[in-house]
Every structure is written in C-alpha cells, then in structure tokens.
Amino acid sequence: MHYTATLSSSIINLTKTIIGSGLLAIPYAFRNDGIFIGVCLTVLAAITTGFGFFVLAKCSKILVDPRNSSFFTICMLTYPSLSPLFDFAMIVQCFGVGLSYLVLMGDIFPSLFGGNRELWIIATSLIIVPLCSFKKLEHLKYSSILGLFALVYLSLLVISMFIKDILIQDCNTYPTVRGDIYWFRIYDIKGLLSTFSIIIFAYTGSMNLFTIINELKDNSMTNIVKIISGSIIISSIGFLSVAVTGYLTFGSNTMGNIMLNYDSNSIFVIFGNFALALMLLLSFPLLFHPLRIACNNLIVWVEINYQNNASSSEYYGNLNINNSSANRSNTLNSQPITLTVNEEDLVDENTTFLPPPASSSVSSSYLEQTNELAPGNQEPTPLPGDNEQHTPFPDSRFCWITILLLSSMYILALRITSFALVLALVGATGSTSISFTLPGLFGYKLIGSDSLAVGQMISKRDQFYKRASLLLAIFGICVMILSLYVTIFFGTES
C-alpha cells in the first residue's frame, strides 16, 4: 500500500474535521459566558482535545505495526470486552451529526434557491455519494480545501461586519442592536451551563485522527505533533476570531446561529448562507468515513467472538489474533514479540535502564516478568503485539455498508425536521467518549509499555503522560455527566 498523505493535506483534513457548523454557534456561547470565561473555556477545550490527539498518537506507536492503528485495534489491546461499546459511541456520534447536516442542508438550500426541501436533500446525494465512495481519507483533501474556503468566508464575514458596524461607524448609534457586553462577568449562569458543550465539543475531530496517521507518508511522532499543533492552532484562531467579533457586534442579542443576526437580504449574507450549506455538504464525507469504519469494526468483533470454531481458525490466522487463552499462552511461549521502537520516545535523561534481554527480540516470558516487576504497576500492562488486531475491510463489505448507511440517513433526513434534544445527547456521550474518555483510558493503559518491552523503566516523561491521561479520562466523565444533566433538565430551553 502506498502512503501519500503530506503534512499540509493532513492538517487540512484534520482542521476541516474539527471546524464545522459549531463555528457559528460559539458567539452565542460567549453571549452567556462573557469574553473572559469564553476565552478560558476555548483554551481549555483546545488543550484537552489537543492532548487527547497526542495521547492517541502515542498509543499508535505502541503497536507492532503503527499503520494498523484505530480505535478498534487499541480497544482490543486494552479493553477488548468494551470494544463494541466504544465503536457504538463512534457510530452514534458520526451518524447523529451527519444526519443533522442533511437536515440543515434541507433547510438552507430552499431558503436560498426556492424549491422543495425533500428535493434538495435528495439533490445533495449527487455530491455526497461520490465523495463517500472513496476508501482513503487522503482523497478528500480537495473537497476539504473547498470546505475550508467556505469557512474562511464565513469567518471573514463576521469579522468584517464587526469592523464596519462597531469600529468604523459610531458605536453610540448601535447599542439597540448590540445589547449588553460583558468582558469579565457572566451574563447568565444557566446559559453558561447550557452552552458549555458548544465550546468543549467544538474541537471534536479524533474520529479521523488514526486514519490521518495511517495514511501519512512520514508518520513519525514529530510529524504527527506538527499536524495536531497546526490543526489546533488554526481551529483556535478561527473559533476565537468569530466568537469575539461576533459577540462584540451583537452582545446580549447574539442568536444561536449568528448568521440569523444579519440582514437576510444582504448579498454578502446570502452568499454566507450558501457557504454554510457548502461547508456542511463537504463536511459530511469526513464524518461518514469513521462511521463506516466503526460499523466494520463491530462486524469484525462479532465474527471474532461468535463465529463457529471451524471458520475461526482460518479467520484468526488472517487477523493475527489468538482467540482462546490456551492458544494465546502457547503463542506467547513459542514466539517472540517483534517490536518497532521509536527511539525519540524512549531516550530520556531521566530514564533508568533494566538489564537488556539476552536476544535482540523480546521474549514473552521476559516481558511478563518485567511487567510484574515494574514499580507502581498493580496489574500487567498490555504489551505490543499482544492481541493486536489487523481489521479486514473487504471491498464487498465496504460497498454494502456504504449503501445501507447512506440510504438510512437519507430516509431519516427526509422524514424529520428537528431532533435537537437527540443531537445534544449524542454530543454529550459520543463526543465526550472519543475526545476525552477513550484517549485518557488508552494512554493510561499503554503509554510506557514500549519502554518495558525493551527492558527499560518508564521514563519520567511517560509517567507524566500516563497521569495526565488518567486526568483526561476523569475530565471526560465529568463533562459527560454535566452535559447530560444540562441537556435533560433545561437544555431545550436555551
């Protein structure tokens, strides 16, 4: 397989995955939070999400084949019994958001060009279906570039309106339109809680991170960190620019979608609404890609756990997996685990070395002994190659999963007009799981196991990453509880 993705194309795809229609809702969050709290929450979301990306990337390097990284692969290595639950969270998140995009396009296009809502939803399939037929995320880079241009126009529209109406015109004539401005005070505590998830979930993009890592031509940690940093910085600049200028333009009168605050007859606003529809159209394939992978992962998990023994032997041979504990034990005793160790992650001035193994390959028994002796480890740490999955995705399955998913999403989009409560629940559970909880759990379980595998103690740097990963998982659980509480009890009122 040829790996052709570059740094620039990877940054574009990850940035476009992160920035979606939530960009236009962030000014409303600032309306409730005030500028200082809003900026602090945005920075918190950027740091926690960026660290989650970094932890997932570190976990991918633990694998024998780093290009085989996925949520499914790492789940089966760390929490195999929970793997279907995690993939289901991914399916719920991507399916729900993708469906909302179809519904929104069905509302926007008729308002711009007239016609029937259902007809416009069906018409979007002329672009969406071909884009969803690509197997590699790299093939979507040009549509992502076009989608980013649409986002840039929307951002410039909000910023330019602020410059024209606030900085150039006399501010004294504008208060009735703008309303109150709060720099350090919170405008509405209840509103702050209701809009908290808008900012925290704005950076959700980890669903495509593993694919980006796998397709990258040079997928070293140095390059991956550049991609993560570049995407987070670009996204943060976009979010803060739109949030601050949009809020300063309308203040306490800012609406949930800031485009609704502008004159609907303005040619610039009309083109802005078209850019919004185009952005949704081109974002859909980026959500559909991980959705299809998660569905395939569920099928593979069912086949691994429930198919008959006769076919399982051949199947497990292809997967490089040992199903029974007896087979696993025999394999561990007879075959060494081959490792590909990233030297820059292991060499640390604070690292304490254990006596190296006798041979160049690390035997399973030695790894198990090292694990048991590792200070602070109360249970054996999963090691590279132990139950690592190579997830098959045959072309026939790729086709029928694509057809079934697209058909069901379009049928639902034609029948429903609003499902705000369901979408909020999806965000509270799905976004939290894939952005914070899962990366934190993976990092706490896996980071440092590559050091143990080559006879080293876990470095102080990796020990810090492990502890920070645990804090990230706890943060994710707290965010999920708060978001569910707010959504269930008074989320629909905001």
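A: Gladly, with the reminder that this is a predicted model.

Q: How are two packed helices described, and at what angle do α8 and α12 pack?
A: Two packed helices are described by the angle between their axes and by the distance between those axes. Here helix α8 (residues 141-168) and helix α12 (residues 221-250) pack at an angle of about 35°, with axes 9 Å apart, and α8 passes α12 in a left-handed crossing. On the α8 side the contact is made by S155, V158, I159, F162 and I166, while α12 contributes S241, V242, T245, G246, L248 and T249.

Q: How many residues does the largest nonpolar core have, and which residues have the most contacts inside it?
A: In soluble globular proteins, nonpolar side chains tend to be buried together. In this model the largest nonpolar core has 114 residues, and those with the most contacts inside it are I128, L291 and F442. Helix α13 (residues 267-306) gives the most to this core, with 16 residues. Apart from it lies another core, of five residues, among them F72, M76, W301 and I304.

Q: Which residues is I128 in contact with, leaving aside its neighbours within four places in sequence?
A: With those neighbours set aside, I128 is in contact with L102, M105, L281, F284, L406 and Y410.

Q: Where is S125 found, and which residues does it touch beyond four places in sequence?
A: S125 is found in helix α7 (residues 125-132), and, not counting residues up to four places away in sequence, S125 touches P130 and Y410. As for separation in the chain and in space, S125 and L406 are 281 residues apart in sequence and 8.9 Å apart from C-alpha to C-alpha.

Q: Is K58 buried or exposed, and with which side chain does the side chain of K58 make a polar contact?
A: The way to read burial is through relative accessibility, for which the cut-off is under 20%. K58 counts as buried because its relative accessibility is 7%. This lysine is found in helix α3 (residues 35-60), and its side chain makes a polar contact with the side chain of D462 at 3.2 Å.

Q: What is a disulfide, and how many does the count come to here?
A: A disulfide is a covalent bond between the sulfur atoms of two cysteines. With a pair of cysteine sulfur atoms required to lie within 2.5 Å, the count comes to zero disulfides.

Notes:
Residues are numbered from 1 along each chain as its sequence is written. This is a predicted model: local features need pLDDT of at least 70, side-chain atom pairs count only at pLDDT 80 or more; totals for chains, interfaces and linings use all residues. Side-chain values use heavy atoms; hydrogens and water are left out. Buried means under 20% relative accessible area, exposed over 50%, partly exposed in between (1.4 Å probe, protein chains only). A polar contact is a pair of N or O atoms within 3.5 Å; within protein, one must be able to donate a hydrogen and the other to accept it, and residues adjacent in sequence count only if both atoms are side-chain atoms. Contact means heavy atoms within 4.5 Å. A nonpolar core is a set of buried Ala, Val, Leu, Ile, Met, Phe, Trp, Tyr and Cys residues joined through side-chain atoms within 4.5 Å. Axes are lines fitted to C-alpha atoms, for helices over the stretch in contact, and angles run from 0 to 180 degrees between N-to-C directions. A crossing is left-handed if the near helix is turned anticlockwise from the far one by less than a right angle, and right-handed if clockwise.
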